[in-house]
Amino acid sequence: MADSNEIEILNDASWKAALRTGREQFGNLEVNLRFLEQSGCIGAGRRILEVGCGIGTIVNWLNQQGCDALGSDISQTAVVY
């Protein structure tokens, strides 16, 4: 079983490889945004923390919707990007 440092290194390497090839997303961004719109959990002034935010696409979108959103990710490469 990998320890947390090994997981961080593997995750960061995965982001580096993805960004080199132009891939900025993992998963289905459109479905996630649609879910957030329909959930009723977003709105002006709502404070939201996204854990595992990657490069922050959803955090950025939430802030554009008036939320006070912050993101965190284990990959320093993704956060810097």
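**Chat: strands and salt bridges**

Me: Hi! What do S1, helix H3 and S2 make together?

Reply: Hello! In this predicted model, S1, helix H3 (residues 57–64) and S2 make a β-α-β unit, and the unit is right-handed.

Me: Nice. Do the two strands run parallel or antiparallel, and how many bridges join them?

Reply: Strand S1 (residues 47–51) and strand S2 (residues 68–72) run parallel, with 5 bridges joining them.

Me: And which residue of S2 does Arg47 stand opposite?

Reply: That would be Asp68. Their side chains also meet in a salt bridge, at 3.7 Å from N to O. The pair links distant parts of the chain, since Asp68 sits in strand S2 and Arg47 in strand S1, 21 residues apart.

Me: Is Arg47 buried or exposed? And what about Asp68?

Reply: Arg47 counts as exposed because its relative accessibility is 72%, and the cut-off for exposed is over 50%. Asp68 has a relative accessible area of 40%, so Asp68 is partly exposed.

Me: Switching topic: how many salt bridges turn up in the whole structure?

Reply: A search of the whole structure gives 2.

Me: Where do Glu30 and Arg34 sit, and how are they spaced?

Reply: Both are in helix H2 (residues 29–39), and because they are 4 residues apart, about one helical turn separates them.

Me: How exposed are Glu30 and Arg34?

Reply: Glu30 counts as exposed at 53% relative accessibility, while Arg34, at 39%, counts as partly exposed.

Conventions: Residues numbered from 1 in each chain as written. Predicted model: local features only at pLDDT ≥ 70, side-chain atom pairs only at ≥ 80, totals over all residues. Heavy atoms only, no water. Pairing = 2+ DSSP bridges. Right-handed = clockwise from strand over helix to strand, strands pointing away. Salt bridge = Lys/Arg side-chain N within 4 Å of Asp/Glu carboxyl O. Buried < 20%, exposed > 50% of the residue type's maximum accessible area, 1.4 Å probe, protein only.
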